[in-house]
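Let's take a friendly walk through the nonpolar cores and the charged pairs of this structure. Have the model open beside you as you read.

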Amino acid sequence: SRPTMVDPWLHNLALVEHDPSRTHLAFVLDTKMVKAFETLKKFAKQYGYASIEILHNYDNEPVGSINGRGGRIAFIKNQSKDIIRKHESEYVIGLEDDTVFEFKCFCRLLEPFMSREGIGFVEGVQAGRWGCPYVGVWSVDDYEFVQRIESLTLPEQEPRASIDDKGYEHIDGGGFYYYATPYDLYLEHDYSWSGEYWGADVNYGLFVRSKGYKCLVDWQSRCGHRQEAGATLYPTDQTVSVCY
């Protein structure tokens, strides 16, 4: 939705070690981003990606409120399944346009799927920008009937036995800003938001849990949250816990 985010996002992707010939690119663009369409096509050709699919969103304009965004994110995720399913893969890595991902590789996201049983979702960490400094890492009392949901603080603020020696921790839901999930689960889910205090992203985590899979956060993969005007936000030791 923000044309100014395209070039820095592609710069990040070009620096991450991965094999473009085994990677399919899929983008949902808003209707006014004609220049971005050409930029993305050129990038995919230059680096030799296996494919690129671009869907122009003509049905749902960007909105500024939290309530408006919740339904729109779910809508776009369901739209994206049309282009994701065109190319069978093992995993989907999701990255939002304002995510700063300055990582050597995607190894930390994908490693748990290789070494552990029953993993359905692995995310990094990003600071939110709605009112207070929290991170999009959520734990619930009961993933089937949520009565309490709470965001976690950073390990250096609150050492927890649930954080393993590799820096991963079991959670119930996270964000769509930087994550990996199995291809089949991504396509199976009916993305939705019905006015909950959390968003469609956490609803996806609850769906993953309901299917018998585990969700993890990688505390070592800390992303920036790029602002159109102003400094990029990063998780800090001022992170607070938000509870509903």
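Which residues touch the most other members of the largest nonpolar core? They are Val137, Tyr204 and Trp219, in a core of 54 residues. A nonpolar core here is a set of buried Ala, Val, Leu, Ile, Met, Phe, Trp, Tyr and Cys residues joined through side-chain atoms within 4.5 Å. Buried stands for under 20% relative accessible area, exposed for over 50%, and partly exposed for in between (1.4 Å probe, protein chains only). Strand E10, residues 214-225, gives this core its largest share, five residues. Helices (H or I, at least four residues) and strands (E, at least two) are DSSP runs, numbered from the N terminus. There is also a second, separate core of eight residues, with Tyr134, Trp138, Val140 and Trp198 among them.

A word on the source: this is a predicted model, where local features need pLDDT of at least 70 and side-chain atom pairs count only at pLDDT 80 or more, while totals for chains, interfaces and linings use all residues. Residues are numbered from 1 along each chain as its sequence is written, and side-chain values use heavy atoms, with hydrogens and water left out.

Trp219 deserves a look of its own. Leaving aside residues up to four places away in sequence, Trp219 touches Val125, Val135, Val137, Leu152, Thr153, Leu154, Pro155, Arg160, Ile163, Gly167 and Glu169; contact means heavy atoms within 4.5 Å.

Now to the charges. The structure holds 15 salt bridges, each a side-chain nitrogen of Lys or Arg within 4 Å of a carboxyl oxygen of Asp or Glu. Three of these pairs are set out below.

| Pair | N to O distance |
|---|---|
| Lys86 and Glu53 | 3.7 Å |
| Asp98 and Arg129 | 3.9 Å |
| Asp164 and Arg116 | 2.9 Å |

Lys86 sits in the loop between helix H3 (66-84) and strand E3 (91-95), and its partner Glu53 lies 33 residues apart in strand E2 (residues 51-57). Lys86 counts as exposed at 52% relative accessibility, whereas Glu53 is buried at 17%.

Asp98, in the loop between E3 and strand E4 (99-100), pairs with Arg129 in the loop between strand E5 (119-126) and strand E6 (138-140). Asp98 is buried at 3% relative accessibility, and Arg129 is partly exposed at 29%.

Asp164 and Arg116 are 48 residues apart and link distant parts of the chain. Asp164 is partly exposed at 26%, and Arg116 is partly exposed at 24%. Finally, salt bridges with shared partners join Arg2, Asp97, Asp98 and Arg129 into one network.
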